[in-house]
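Subject: A structure for you

Hi,

Here is the structure I promised to pass on. Please have it open while you read, and my notes follow below.

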Amino acid sequence: MEDLFGSGAASDDESEDSAAAGPLTDAGWMASQRSPLAVRMRPRTLDDVVGQQHLLGHGSPLRQLAAGAEASGPAGPSSVILWGPPGTGKTTLAHVIARGPGRKFVELSAITAGVKDVRRVMDEALTARDLYKKTTVLFLDEIHRFNKAQQDALLPGVENRWVVLVAATTENPSFSVVSPLLSRSLLLTLKPLTDDDISGLLQRAVADARGLAGRVELSEEALEHLVRLSGGDARRALTALEAAAGVAFGDADAVGPEMSATDDGERGVGEPGEGEPGLAGDGAPDAPVLVELRHTERALDAAAVRYDRAGDQHYDVASAFIKSIRGSDVDASLHYLARMLEAGEDPRFVARRIVISAAEDIGMADPTALQTAVAAAQAVQLIGMPEGRIILAEAVVHLATAPKSNAAYLGINKAIADVRAGYGGSIPMHLRDAHYPGAKQLGHGKSYKYAHDEPHGVATQQYPPDDLVGKDYYQPTANGAERDIAARLERLRRIVRGQ
């Protein structure tokens with residue numbers, strides 16, 4: 001599953017049974033560990049959901065879906081498409097909705113399901129509606145992996161409300177979901193979880209009977225490390241917490257046999273008793289094992305990089321990269337460069353963007369910027385990674401700290417606009433090619449002034465077509481080298497135009 005806490009409704013049932021029974025016994029707690037911590041901690045109601053409060057207000061479509069047959073009002077349930085990064089709660093919301101009364105819940109994954117599976121669900125949903133007065137909620141994970149034909153198979157059921165579709169995707173639905181299905185569903189965008197959301201979730205998992213049941217304590221440094229490395233992904237945070245707890249228990253077990261009774265006669269922290277490792281022989285749990293920073297570092301030593309080379313992140317990070325260079329923020333520019341490279345982006349793509357930026361955003365304010373960018377692109381192809389990052393970083397620093405001018409970029413755009421608008425008549429006769437036989441008889445090259453024969457190498461004569469005489473495309477700025485170019489350009493235009 002691509003979303004928060006994965007699948008496993010049966011695991012929820014086990015967790016509920018355990019919670020209903022009161023404090024977990026040692027055997028019960030050990031049995032509950034069969035399911036991952038992220039699954040065990042899946043919320044049961046919308047009020048337990050972490051984050052996404054912008055989608056969970058009173059009367060919202062998700063509230064209506066979760067209310068099931070008890071929802072009031074004449075409006076029926078709406079199909080929804082949940083779009084957001086991994087670990088933000090798409091699968092969680094679907095499973096909370098599944099608990100709504102009077103609803104039949106069916107779950108498919110676009111990775112394994114096909115058109116036959118979809119049609120089977122539609123037939124069963126129609127039967128459930130007509131015979132048992134039950135609405136079927138179809139949760140389809142990874143809907144972006146369905147091709148057009150597979151998505152089209154959903155249309156009759158969604159349009160006629162044989163099923164209420166709850167689809168989840170990490171890809172932009174505008175590009176990955178067919179338009180007819182989009183028009184029949186509500187698009188709800190989930191936001192990455194905040195640090196406070198992740199921190200609260202981890203603390204809840206430590207204390208909750210469904211989670212670690214108070215058997216561990218989390219140091220402030222370890223909590224901060226887990227939050228920072230989660231990247232806003234709740235499932236990743238809980239998975240890392242479980243792994244760090246396992247490391248801490250392992251360390252406690254390793255030192256346990258070597259620890260003698262303490263001065264007050266009690267067993268040391270983490271020392272195994274006569275039963276299960278880490279459990280006291282009389283059935284009472286030992287003092288909680290402390291999960292420290294060193295445990296989290298061993299469990300998870302790299303941050304989650306939010307980047308998809310084929311999706312929105314590819315374009316969003318590249319856009320932020322170029323805009324940071326344009327805005328002269330060298331530090332942000334290096335951050336986005338690192339983000340792309342660490343995510344495995346093709347360094348040649350990055351180099352091409354740098355070359356474009358040099359010409360578009362710096363231009364003649366620093367003509368050496370393009371030289372640096374082109375040299376960097378060639379050097380990266382020659383050297384490769386990881387050393388190529390050093391060359392790219394040098395080019396980025398040059399561009400970000402250089403004076404900026406888009407005058408050349410604007411100039412060519414203006415010229416192209418005039419060409420497309422039909423401006424630019426016949427080329428003046430004195431500028432036409434006079435090298436082929438008969439050209440001079442046609443008047444080509446007549447009265448042409450050779451610039452090198454004129455004072456300062458500049459001749460007074462008409463160069464543009466008649467309808468573009470006096471048209472200025474290039475307007476240099478007062479930044480960098482263009483300050484001097486502006487003054488020289490003014491003199492050149494006066495001489496060329498005979499003013």
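One definition to begin: a crossover is right-handed if, with the strands pointing away from the viewer, the path from the first strand over the helix to the second runs clockwise. Helices (H or I, at least four residues) and strands (E, at least two) are DSSP runs, numbered from the N terminus. With that in hand, S2, H6 and S3 form a right-handed β-α-β unit.

Two points on how to read the values. This is a predicted model, in which local features need pLDDT of at least 70 and side-chain atom pairs count only at pLDDT 80 or more, while totals for chains, interfaces and linings use all residues. Residues are numbered from 1 along each chain as its sequence is written, and side-chain values use heavy atoms, with hydrogens and water left out.

Now the overall picture. The protein has 21 helices and 7 strands. Of its 499 residues, 42% count as buried (under 20% relative accessible area, with exposed over 50% and partly exposed in between, using a 1.4 Å probe and protein chains only). Taking contact as heavy atoms within 4.5 Å, 75% of the contacts between residues at least 6 apart in sequence join residues at least 24 apart.

Next, the sheet. In the order S2-S3-S4-S1-S5, 5 strands form an open sheet with parallel pairing; two strands pair if DSSP finds at least two bridges between them. At the edges are S2 (103-109) and S5 (186-189), each pairing on one side only. From one strand to the next, the twist averages 20 degrees. S2 and S3 share 7 bridges, and Lys 104 has Thr 136 in S3 as its bridge partner. S3 (residues 135-141) and S4 (residues 163-169) pair over 5 bridges, with Leu 138 partnered by Leu 165 in S4.

Two helices go with these strands. Helix H5 (residues 90-98) packs on the sheet, touching S1 (80-83), S2, S3 and S4, and its direction makes about 165 degrees with that of S3. Helix H6 (residues 115-132) lies across S2, S3 and S4 and runs at about 180 degrees to S2. For these angles, axes are lines fitted to C-alpha atoms, for helices over the stretch in contact, and angles run from 0 to 180 degrees between N-to-C directions. Phe 139 lies in strand S3 and is buried, with a relative accessible area of 0%. Phe 139 and Leu 93 are 46 residues apart in sequence and 10.0 Å apart in space, C-alpha to C-alpha.

Further along the chain, how do the helices pack? By class, the contact of H17 with H18 has 13 nonpolar residues, 1 polar and 1 charged (Ala, Val, Leu, Ile, Met, Phe, Trp, Tyr, Cys and Pro count as nonpolar, Asp, Glu, Lys and Arg as charged, and the others, Gly among them, as polar).

The axes of H18 (residues 368-383) and H19 (residues 388-401) come within 9 Å and cross at roughly 170 degrees. The contact of H18 with H19 has 9 nonpolar, 4 polar and no charged residues.

Best wishes
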